[in-house]
Amino acid sequence: MGKTGDRARTAPAPALSALDFTLDRGSPVPLYYQLAQQLEAAIEHGALAPGDLLGNEVDLSVRLGLSRPTVRQAIQSLVDKGLLVRRRGVGTQVVHSQVKRPLELSSLYDDLEAAGQAPTTQIVRHEAVPASCDVAAALGVPEGSEVTALERLRHTHGRPVALLCNYLPPTLLDLDDTRLESTGLYRMMRSAGITLHSARQTIGARAATPEEAALLDEEQGAALLTMERTAYDDTGRAVEYGRHIYRASRYAFDFQLLVRA
């Protein structure tokens, strides 16, 4: 194993000064992945604490003796996991250590992408609407106050698999349609520094309405899986309320059940 050279540690950022990165340049494991794994371990074990700054990509590439694209890819992988956030005028900052729990809080986009299902998104609706009674109760806002309504049709390999309807506080984050078509909502939240911590979720089933059947390329009355979820950040604030429907012929929920001693 070869360590990064002395030049990489001549002027380390405060958050990195106590870390000794070990990179094996002859390994088949990509350098960006080696760096990301070591940064993630440092965050998980407290060597990098919430609020610590890593510096910008140019500085990091010089300090670590790596190319800028390699450093950028390592950082982006941890931004996607919600461990780091890029702040304009500040730099790359540690958000929190990874939360581990038996039931994952993940988005459909991330699940499909991880399974190699080539997800794509069509924006059906994106507008400000008055909060209905159930939306207001879920988000903890006054009934009739303005919330952001987002409805998306999610495809895999060119075929629809789910219709996702989400409601968010209006000032939570900048929802750009172009980004929403190319990534998941939770990934956008994590990139904005929002730490998703927990959720209350209910799963059910029902028959498709004519409108839903047309959007999902199903027969009217076809079986649909339903999911209702309220997601919370690490301060306990409700950041998203979702009502989703999935084609039962193409999608299933998979849970791991743990037995308590």
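Two strands pair if DSSP finds at least two bridges between them, and strands (E, at least two residues) and helices (H or I, at least four) are DSSP runs that are numbered from the N terminus. In strand β8, Leu-163 is the bridge partner of Leu-153. This is a predicted model, in which local features need pLDDT of at least 70 and side-chain atom pairs count only at pLDDT 80 or more, while totals for chains, interfaces and linings use all residues. Residues are numbered from 1 along each chain as its sequence is written, and side-chain values use heavy atoms, with hydrogens and water left out.

**Strand β7 and its partners**

- Strand β7 (residues 146-156) is mostly covered, with 10 of its 11 residues buried (under 20% relative accessible area, with a 1.4 Å probe and protein chains only).
- Strand β6 (residues 119-130) runs antiparallel to β7 and is joined to it by 11 bridges, and His-126 stands opposite Leu-150 in β7.
- Strand β8 (residues 159-168) is also antiparallel to β7, and 9 bridges join the two.
- The hairpin of β7 and β8 has 2 residues between the strands, and in this hairpin His-157 takes a positive phi near 50°.

**Helices α1 and α3**

- The axes of helix α1 (residues 31-44) and helix α3 (residues 68-80), which are lines fitted to C-alpha atoms over the stretch in contact, come within 8 Å and cross at roughly 45°.
- The contact (heavy atoms within 4.5 Å) is made by residues including Leu-35 and Leu-39 of α1 and Val-71 and Leu-78 of α3.

Definitions and conventions. Buried < 20%, exposed > 50% of the residue type's maximum accessible area, 1.4 Å probe, protein only. Axes fitted to C-alpha atoms, helices over the stretch in contact; angles between N-to-C directions.
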